[in-house]
Amino acid sequence: MLEKLKGGEVMSPKPNAVAILRGFIGGTLGILTLLVITQWGDTLAIMAPFGATCVLLFAAPKSPLAQPRSVIGGHFISSFIGVLFINLFSNGIIPIALAVGTSIALMQLLRVVHAPAGANPILIMMSGITDYSFLITPVLIGSVLLVMVALIVNNIGIEARWPNYWLGYHFDMGKRIKKSKKE
């Protein structure tokens, strides 16, 4: 058993200056966009888990957890579960724990795993949010805006290309050409 705890892989290489700058710019612009929309639009467009979403979008953009499908779908599913569970069961420790577990299972089942979204049921239930409109703003609006910022920032440069996929298929000129590796 102790042998397993040693690990067996090596640390990822240090990112280059361009990757670090992309992370800084992307994270700053992403959160700034949500804060400006919140302030000027008089509508809530930000929540704490979006900070962690920025880490994935701009520091690990090739990760399956950082693809648009996972960002938007993961936040939406886990937030829906949070609002559903607080409305059905209140916000005790068992419902909160079950909401997180259910969110993880559904994100896996629907292939939209996004680690920061695991915090959404906790945020929603501990804050006492019972209104399903929270799914639109900040959840849907905020996650879509972050993906839009990532589309710009992560595609700056000749060789930059993001996302890896949208719905799980690779497209060429609007035609599905092959399934992704995981399908």
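Predicted model: local features only at pLDDT ≥ 70, side-chain atom pairs only at ≥ 80, totals over all residues.

I begin with the cover over helix H7: the buried residues of H7 are covered by elements including H2, helix H3 (49-59) and helix H4 (68-89). Helix H7 itself runs over residues 136-153, 18 residues in total, and spans 24 Å from its first C-alpha to its last, close to the 26 Å expected at 1.5 Å a residue. Among its buried residues are Pro-138, Gly-142, Leu-145, Leu-146 and Val-149.

Which residues touch the most other members of the largest nonpolar core? In this core of 22 residues, they are Leu-34, Leu-57, Phe-58, Phe-134 and Leu-146. H3, H4 and H7 are the elements that give two or more residues to the core, and H7 supplies the largest share, with seven residues.

Leu-146 deserves a separate word. Setting aside neighbours within four places in sequence, Leu-146 is in contact with Gly-30, Ile-31, Leu-34, Phe-50, Thr-53, Cys-54, Leu-57 and Phe-58. Another core, of six residues, lies apart from the largest one; its members include Ile-81, Ile-86, Ile-96 and Ala-99.

In soluble globular proteins, nonpolar side chains tend to be buried together. Here, however, Leu-21, Phe-24, Ile-25, Leu-29 and Leu-32 make a nonpolar surface patch of about 460 Å². One of these, Leu-29, belongs to helix H2, residues 17-40. Leu-29 counts as partly exposed because its relative accessibility is 38%.

Technical notes: Residues numbered from 1 in each chain as written. Heavy atoms only, no water. Patch = residues over 30% accessible without salt bridge, like charges linked within 9 Å, V, L, I, M, F, W, Y side chains within 5 Å. Areas by Shrake-Rupley, 256 points an atom, 1.4 Å probe, with all protein chains shown as cover. Salt bridge = Lys/Arg side-chain N within 4 Å of Asp/Glu carboxyl O. Helix = DSSP H or I, 4+ residues; strand = E, 2+ residues; numbered from the N terminus. Buried < 20%, exposed > 50% of the residue type's maximum accessible area, 1.4 Å probe, protein only. Expected span 1.5 Å × (residues − 1). Contact = heavy atoms within 4.5 Å. Core = buried A, V, L, I, M, F, W, Y, C linked by side-chain atoms within 4.5 Å.
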